[in-house]
2 protein chains.
Amino acid sequence: MTLRRSTIGVFDSGFGGLTVLKALLELIPGADYLYFGDTARLPYGSKSVETVARYAVEAAHYLEAHGAELLVIACNTATALALDRIKAAAHVPVVGVVEPGAEAAASVSKNKRVVVIGTEATVSSHAYRKALEARGLDAQEKACPLLVPLVEEGWVEHAVTEQVARIYLDEAFAHGFHDADALVLGCTHYPLLKPMLRRVAPAHVSIVDSAESTAHAVAAHLQTLLPASPAADEERRALPRLKFFATDSVEKFRRLGERFLGHTIEGVQHVDLKE
Amino acid sequence: MTLRRSTIGVFDSGFGGLTVLKALLELIPGADYLYFGDTARLPYGSKSVETVARYAVEAAHYLEAHGAELLVIACNTATALALDRIKAAAHVPVVGVVEPGAEAAASVSKNKRVVVIGTEATVSSHAYRKALEARGLDAQEKACPLLVPLVEEGWVEHAVTEQVARIYLDEAFAHGFHDADALVLGCTHYPLLKPMLRRVAPAHVSIVDSAESTAHAVAAHLQTLLPASPAADEERRALPRLKFFATDSVEKFRRLGERFLGHTIEGVQHVDLKE
């Protein structure tokens, strides 16, 4: 790893991880980024552990081979199901989204009772519950499989999406969790729904966006690796270089991805993973 | 191919093709069936032509290698995007779902104006429009990407699903297609929504279920291959043998698949396509 400017590899099954990349760019503009979206095989959220782990390890190797010095698994499902496998297979440090999300929830929740929403696979893994229980919090996890397709349909501020969110959150905050005071967005698509979820969630609830928490965890990690120095500071003032890799259509990646990243996407390269 | 009892390979990206298998079992109980659900890589509906074609050809080869004497591509997206590629790669006859659906629409539509609903990829391919125009019909195609996840969430008779269907059908029957008199269900998930779509669609509209149309096309195909004889009739009276192959979790295939097939599923085998 260079002592000055680092290359961070960001991996997701598709577009959702771009919300993590967005948070990283805001917090750590002095780095370069490689983003890998496994769009040919998305979504991971409904797939099994074995399948998700195999896909994620392939993507991690691809990013390492292209120069990533630190890997961010910007996908809750891949983190929840396969972080240990990815860490074991990688030769560089790996940061997932679950631990930072749990840490942030632990710091905002006063009564130590938290609701986590995510994909079916993330919820079934109980990765968040384990991470939260390890910090002394009780967690209720709720799978919300319709929210990802609703975001991808572009129905971010739509009556149907609000109705669906209301149904899911009513169930999530039931069964003894009426008093939960934090809602963890355990899927990288959900930050796009944050304004709407803010309206639908009980007023006393803090919303924890694991994209932001993860960016902070990465920043902390980099500080230990890259000590400050005038030369390094100078080099880090350059604009971040971004490269995108997608396993499905490049054109579609650009079009859909811009919604998640919040600005135009250029330089997307198609990747054909052997299969 | 045996002259008596044939083995039919049915392929889909996941569970939807089970609605076609259901129609086949009702119409042609005197055959054996191999069903391949590429659940590790579903859904195909949002993927590109190249990706879908590669996946579908792999699945077709797998079914042939396991004894299929006729292949049914029980997936609108794979048919729409890759039928020619599959036919070129296969060594047995191949039947897709688009032509039978278009044929059925042509026979029920009086004013030759038809609405087709399907996934994003099926609609973008314009496979239905081409097949319908070749029969002298005008078609309006409408992508309904939320209907598959709604069916998979089990919200088949649900206010949200009805609202979503109403939004999609209002758009589909607009722009000069108010007078269309047939609605083609161009996705094998949609037959589960048929009672609800019946309520939402304009009353004068006939609903064309391509699962049923495809079963009829397969039956016609078999009759030319397997002439009737007392010995053959005897052999065909045995119950159909069913084998299922899934690329993702076997347990999940069984659980979700039963909703589509309408009865219990046993003997699911996990397939690990090299990738």
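In chain B of this predicted model, helix α8 (residues 159-172) lies across strands β5 (113-118) and β6. Its direction runs at about 150 degrees to that of β6(B).

Strands β5 and β6 belong to an open sheet of 4 strands in chain B. The order is β6-β5-β7-β8, and the pairing is parallel. Strands β6 (138-143) and β8 (206-209) of chain B form the edges. Each of these edge strands pairs on one side only. On average, and with direction ignored, neighbouring strands of this sheet are turned by 25 degrees against each other. Strand β7 (residues 182-186) of chain B pairs with β8(B) in the parallel sense. That pairing extends over 4 bridges. Within β8(B), B:Val208 is the bridge partner of B:Val184.

Chain B also holds an open sheet of 6 strands. Its order is β4-β3-β1-β2-β9-β10, again with parallel pairing. At the edges stand β4 (94-95) and β10 (268-270) of chain B. Each has a single partner strand, so one side of each is left without a neighbour in the sheet. Strand β1 (residues 7-12) of chain B runs parallel to strand β3 (residues 70-73) of chain B, and 4 bridges join the two. Along this pairing, B:Ile8 stands opposite B:Leu70 in β3(B). Helix α2 (residues 49-65) of chain B packs on the sheet. The helix touches β1, β2 (32-37) and β3 of chain B. Its direction makes about 160 degrees with that of β1(B).

From α2(B), the contact is made by B:Val49, B:Val52, B:Ala53, B:Ala56, B:Val57, B:Ala60 and B:His61. From α3(B), it is made by B:Thr77, B:Ala78, B:Leu81, B:Ala82, B:Arg85, B:Ile86 and B:Ala89. By class, the contact of α2(B) with α3(B) has 11 nonpolar, 2 polar and 1 charged residues.

Strand β2 (residues 32-37) of chain A pairs with strand β9 (residues 242-246) of chain A. The pairing is parallel and spans 5 bridges. A:Phe244 in β9(A) is the bridge partner of A:Tyr35. Strand β9(A) is also joined to strand β10 (residues 268-270) of chain A. These two strands run parallel, with 3 bridges between them. Here A:Phe245 stands opposite A:Gln269 in β10(A).

Helix α1 (residues 17-27) of chain A and helix α12 (residues 250-261) of chain A form another crossing. Their axes come within 8 Å and cross at roughly 50 degrees. Helices α1(A) and α12(A) are therefore oblique to each other. The crossing of α1(A) and α12(A) is right-handed. Helix α1(A) contributes A:Leu18, A:Thr19, A:Leu21 and A:Lys22 to the contact. Helix α12(A) contributes A:Gly257, A:Phe260 and A:Leu261. The residues of this contact divide into 4 nonpolar, 2 polar and 1 charged.

The relation between the chains was considered next. Two copies of a chain are related by a rotation about an axis and a shift along it. Chain A can be laid on chain B by a turn of 180 degrees and a shift of 0.0 Å along the axis. The RMSD is 0.0 Å. That is the relation of a two-fold axis.

The contact between the chains takes 18 residues from chain A and 18 residues from chain B. On the side of chain A that touches chain B, α7 (147-152) and α8 (159-172) of chain A are the elements that give two or more residues. The largest share, 3 residues, comes from α8(A). By class, this side of chain A has 8 nonpolar, 4 polar and 6 charged residues. Of the interface residues of chain A, 100% are also interface residues in chain B, so the copies meet through the same surface.

Key: Residues numbered from 1 in each chain as written. Chains lettered and ligands numbered in written order. Predicted model: local features only at pLDDT ≥ 70, side-chain atom pairs only at ≥ 80, totals over all residues. Least-squares fit on C-alpha atoms with pLDDT ≥ 70 in both. Contact = placed C-beta atoms within 7 Å. Nonpolar A, V, L, I, M, F, W, Y, C, P; charged D, E, K, R; others polar. Axes fitted to C-alpha atoms, helices over the stretch in contact; angles between N-to-C directions. Parallel < 35°, antiparallel > 145°, perpendicular 65-115°, else oblique. Left-handed = near helix turned anticlockwise from the far one by under 90°. Pairing = 2+ DSSP bridges.
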